[in-house]
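Here are my notes on the side-chain contacts in this model. Please read them with the structure open.

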Amino acid sequence: MFDTKTVERFNTIDTPFYYYDLSLLKKTLDLYTKELRKYKFHAHYAFKANANLEILDIIKEYGLGADCVSGNEVSLAIKSGFDPKKVVYAGVGKSDKEIETALAGEIFSFNCESIPEIEVIDSIAKKMGKTASISLRINPDIDAHTHRYISTGRSQDKFGISHWMFDDVLSAIAKCSNIKLSGLHFHVGSQITDLNVFDMLANKVNEISANFKDKGVKIENLNLGGGLGIDYNDPDTTPISDFASYFSIIDKKLIREPYQQIHFEPGRAIVAQCGSLISRVLYVKFGKGRKFAILDAGMNDLIRPALYQASHKIENLTSVGRGMRYDVVGPICESSDRFAKNLLLPETKRGDIMAIRSAGAYGQVMAMRYNQKDLAPDYYSE
Ligand code: LLP
């Protein structure tokens, strides 16, 4: 929901652009960190969701660390003032150069996904005279009940190390002089709205950490990843996810030793709802049995609908009145460049301002220059 002043401001700006409501971001972080502190949990914000400096600055002020998936994200985290001792670095394909960057930055932990990766980190660390602190990313074989492209914890997914590999991994680590195993890492998927999935995850973490304890391995850090979903259908009724229930499930279910620290990597639930993609209607045209509202924003600006069949709430901020059905599409030369099908909107005309809501996470960061379109710029409420 936007107030009149904000819509008047939108009218003066060239479209398309991303708009971020920083007061909602702060409210979200207030609630998130309040729940986190209750249990003395730690959080590392997933940079991949949105790495705009204005947003990172605020998240950093709330004391979160950084969850990175590339050398450039690690560099950005350190350059933008995140504490290196709160930086974690995951990914199935870390290049030598990226590993060097993270070792030089003396980050908190590499989340490692395979034996060959651990061996490469060890040999680079040896050359640099460093010791790499690592967590093993575990593939717990859990179905997160989310879109298959953003499920990461099933045995057929490329992520993590499966339980039958644990002994081999531990013997490989025993041969590495510059590796210190300090944690287990889990991330089973994204946009998870069924909280039972986290209940299942906590049970699985208990099982696996007991397994390591039986093997005589002391695990100091348990990282449960991110994944908490948001309400794409009704962002105004549920602007902030239910952090209280989420953390209380984990707190109730997760068995931990007094020396263990618990970590999370939230992305979407922190930034999705504060961002919108703002666009203008270029044309309204008639097709067979349907009307198209053609926007100046497309899949190049926000790829989620085309890639994951994701649905974002769309609002006409200019016209009011009688409802009509539209396919809301972008200008790109692809039929998948469609934001909504048969959507009820007020009668819509050329020049109307349209807001595509809940676009703060995996929106602007995934934008591309397909068709040589310009990247949409960003504006802020403050
Ligand atoms: N930790 C790891 C290791 C991850 O791979 C991810 C997201 C997160 C944390 C943060 O998850 P979140 O709290 O945001 O669910 N582009 C897709 C989402 C891809 C998520 C990738 N990993 C989308 O637009 O839905």
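**Notes on side-chain contacts**

1. D327 is buried, at a relative accessible area of 3%. Buried here means under 20% relative accessible area, exposed means over 50%, and partly exposed lies in between (1.4 Å probe, protein chains only). The model is predicted: local features need pLDDT of at least 70, side-chain atom pairs count only at pLDDT 80 or more, and totals for chains, interfaces and linings use all residues. Residues are numbered from 1 along each chain as its sequence is written, and side-chain values use heavy atoms, with hydrogens and water left out.

2. Which residue forms a salt bridge with D327? It is R290, with the closest N and O atoms 2.6 Å apart. R290 lies in strand β11 (residues 290-295) and D327 in strand β13 (residues 323-329), so the pair ties together parts that are 37 residues apart in sequence. Strands (E, at least two residues) are DSSP runs, numbered from the N terminus. A salt bridge needs a side-chain nitrogen of Lys or Arg within 4 Å of a carboxyl oxygen of Asp or Glu. R290 is partly exposed, at 34%.

3. The salt bridge count comes to 19. One of them joins K349 and D352, at 2.8 Å between the closest N and O atoms. K349 is partly exposed at 45%, whereas D352 is buried at 1%. R256 and D251 also meet in a salt bridge (2.8 Å, N to O). R256 is partly exposed at 29%, and D251 is partly exposed at 27%. A network of salt bridges links D236, K313, E315 and R357.

4. Look next at T348, in the loop between β14 (338-346) and β15 (353-356). T348 is buried, at 5% relative accessibility. Its side chain makes a polar contact of 3.1 Å with the side chain of N316. A polar contact is a pair of N or O atoms within 3.5 Å; within protein, one must be able to donate a hydrogen and the other to accept it, and residues adjacent in sequence count only if both atoms are side-chain atoms. The T348 side chain also reaches the backbone oxygen of P346 at 2.7 Å.

5. There are 20 aromatic pairs in the structure. F2 and F10 form an edge-to-face pair, 5.3 Å centre to centre with 70° between the planes. Rings of Phe, Tyr and Trp (its six-membered ring) pair if their centres lie within 6.5 Å; planes under 30 degrees apart are stacked, over 60 edge-to-face, and the rest tilted. F10 is buried at 0%.

Key: Helix = DSSP H or I, 4+ residues; strand = E, 2+ residues; numbered from the N terminus.
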